[in-house]
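Please keep the viewer open while you read.

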Amino acid sequence: MFFLPLILPKDTEELTFNLLDASLLTMLTTAALLPLLIRFRRLASDSELALNITSEGYLDVTIDGRIVDVNPGYCQMVGYTQEQIRSMRISDFTADMSAEEVNTRLKRIISNEHERFETTHRHRNGKIIHIEASVSFVTETRHFICFLRDVTERKLAEVAIKGSAASLQTTLDNSPYLVWLKDSEGHYITINKALSDYIGLKDVKDVINKTDFDIWPKELAEKYRNDDIETMASGQKQHIEEQIFDGTKLHWIETFKTPIIDESGKVLGTTGFSRDITERKGNEAIIHSLAYYDALTKLPNRRLLKDRLGQAMNTSKRSGQYAALMFLDLDNFKPLNDTHGHDVGDLLLVEVANRITSIVRKNDTVARFGGDEYVVILSELNNDLRKSTELANNIAEKIRTVIAKPYLLPVQHERKADAIVEHNCTSSIGVVMFIDHEIAEEDILKWADLAMYQAKNDGRNLIRFYE
């Protein structure tokens with residue numbers, strides 16, 4: 001079951017609930033919220049800022065479990081330095097899983113692409129830390145991106161709930177989320193104050209024995225009831241993340257729902273909670289974008305370019321077709337920056353990215369290498385080198401031509417009317433042809449760079465192939 005979004009106070013401490021066999025309810029899992037503060041004039045193309053300002057843990061893990069990147073948040077959780085952690089494996093920290101069990105879970109995440117779960121890690125001093133993990137497998141890089149949150153205090157709260165069923169309602173009312181218990185026929189047994197306020201009831205008791213059809217629109221009530229029936233039939237906890245429209249805009253809603261089962265195995269009803277995770281979804285998307293895409297042009301950055309080049313080489317090996325890599329450098333960019341400032345220069349860089357992208361095919365890659373440099377990867381050209389070279393040259397010529405067209409860039413001045421600056425900019429392009437893995441990735445980039453400088457030395461606004 002899920003509800004329309006509830007806007008919560010930012011300073012409210014999170015409490016969530018799960019079902020207890022004896023006491024009916026324990027705390028449910030909550031996923032990490034990653035608040036980001038990105039307030040600077042020009043967004044950096046690296047993810048370091050976003051990862052360092054959050055207290056949540058972040059790990060970049062290779063497909064075989066090696067940790068290659070970690071943020072200060074996770075270092076603080078486990079008591080190790082970044083240098084120490086980067087030489088370790090994820091299985092070095094898991095307290096509840098062996099190395100073999102960790103590998104099994106990683107394989108499952110590759111299959112499912114994403115998984116959220118609770119686990120335990122071990123602090124350097126031996127202390128057990130309860131962790132809420134959200135792990136995604138990024139197909140493009142074949143790495144796992146892990147967001148980790150220390151929920152040890154919440155787990156201690158769960159123990160307190162187990163020993164005090166009489167305080168259940170008080171505990172429910174302290175949760176900022178919409179919490180409920182219903183019998184097998186869909187009648188409410190109790191709800192918490194947050195849900196009561198959201199519905200608009202004066203007293204929690206006003207909902208007892210009512211159903212969703214007494215509260216929600218018919219279509220929504222039918223969906224909630226069907227979700228309850230499915231949960232009770234499966235006997236398993238349900239986790240739903242779904243976008244819903246509240247009449248004004250789309251929200252991401254997360255719902256945890258669990259069947260209530262007595263000691264004899266009889267299903268008595270359902271219990272669970274819902275919350276709005278729109279902000280968290282947005283933060284996760286921001287972090288992924290900062291990690292693999294240039295913040296200004298939205299093109300793949302160097303990290304993703306390296307992976308795309310490896311993919312192009314593998315594709316070439318399978319197909320037996322040549323591929324090409326182009327290195328582009330703008331010939332007349334610095335004067336624009338010096339005369340009109342970086343803001344106008346940024347407009348030009350974005351327009352160049354758009355023009356290059358408009359020329360290449362969908363399966364090709366356009367990346368920003370840095371500054372006023374771009375890289376284009378052309379995959380699956382032809383089995384014949386001569387024909388492949390002709391195709392690459394034709395595309396390069398189209399790119400050179402479209403970049404050389406005039407640019408009309410708006411310039412804003414304080415206390416003055418906006419003006420339009422016309423700027424002419426050309427490009428020097430170096431091209432390398434490759435097939436299979438005959439050339440190392442580093443050499444392909446280096447040789448394309450050398451060919452680009454040859455184009456500049458020969459007069460600029462030219463295309464040169466590496467020979």
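**Entry 1: a loop residue.** I started at Asp436, which sits in the loop between β18 (427-434) and α14. The phi of Asp436 is near 55 degrees, a positive value in a residue other than glycine. Most residues other than glycine have a negative phi. Asp436 is partly exposed, with 28% relative accessible area. My cut-offs here: buried is under 20% relative accessible area, exposed is over 50%, and partly exposed is in between, with a 1.4 Å probe and protein chains only.

I then turned to Glu113, in the loop between α4 and β5 (114-122). Its phi is near 75 degrees, again positive in a residue other than glycine. Glu113 counts as partly exposed at 49% relative accessibility.

**Entry 2: what I am looking at.** This is a predicted model, in which local features need pLDDT of at least 70, side-chain atom pairs count only at pLDDT 80 or more, and totals for chains, interfaces and linings use all residues. Residues are numbered from 1 along each chain as its sequence is written, and side-chain values use heavy atoms, with hydrogens and water left out. The pLDDT (the predictor's confidence in each residue, from 0 to 100) averages 83 over the protein chain, and 84% of the residues score at least 70. Over residues 1-47 the pLDDT is below 50, yet this stretch has 185 contacts in the model beyond near neighbours in sequence. A contact means heavy atoms within 4.5 Å.

I noted 14 helices and 19 strands in the protein chain. Of its 467 residues, 49% count as buried.

**Entry 3: two helices.** At what angle do the axes of α10 and α14 cross? I found roughly 105 degrees for α10 (residues 302-319) and α14 (residues 441-457), whose axes come within 10 Å. That makes α10 roughly perpendicular to α14. Axes are lines fitted to C-alpha atoms, for helices over the stretch in contact, and angles run from 0 to 180 degrees between N-to-C directions. Under 35 degrees counts as roughly parallel, over 145 as roughly antiparallel, 65 to 115 as roughly perpendicular and the rest as oblique.

On the α10 side I listed Leu305, Lys306, Leu309, Gly310 and Met313, which meet Glu441, Ile444 and Leu445 in α14.

**Entry 4: aromatic rings.** I counted nine aromatic pairs. Rings of Phe, Tyr and Trp (its six-membered ring) pair if their centres lie within 6.5 Å; planes under 30 degrees apart are stacked, over 60 edge-to-face and the rest tilted. Tyr74 and Phe93 are edge-to-face, at 5.6 Å centre to centre with 80 degrees between the planes. Tyr74 is in helix α2 (residues 72-78) and Phe93 in the loop between α3 (82-85) and α4 (99-112), 19 residues apart. Tyr74 is buried at 0% relative accessibility, and Phe93 is buried at 1%. Tyr74, Tyr80 and Phe93 form one aromatic cluster.

Entry 5: Leaving out residues up to four places away in sequence, Val421 touches His340, Tyr407, Leu408, Leu409 and Val411. Val421 and His340 are 81 residues apart in sequence and 8.8 Å apart in space, C-alpha to C-alpha.

Note on methods:
Helices (H or I, at least four residues) and strands (E, at least two) are DSSP runs, numbered from the N terminus.
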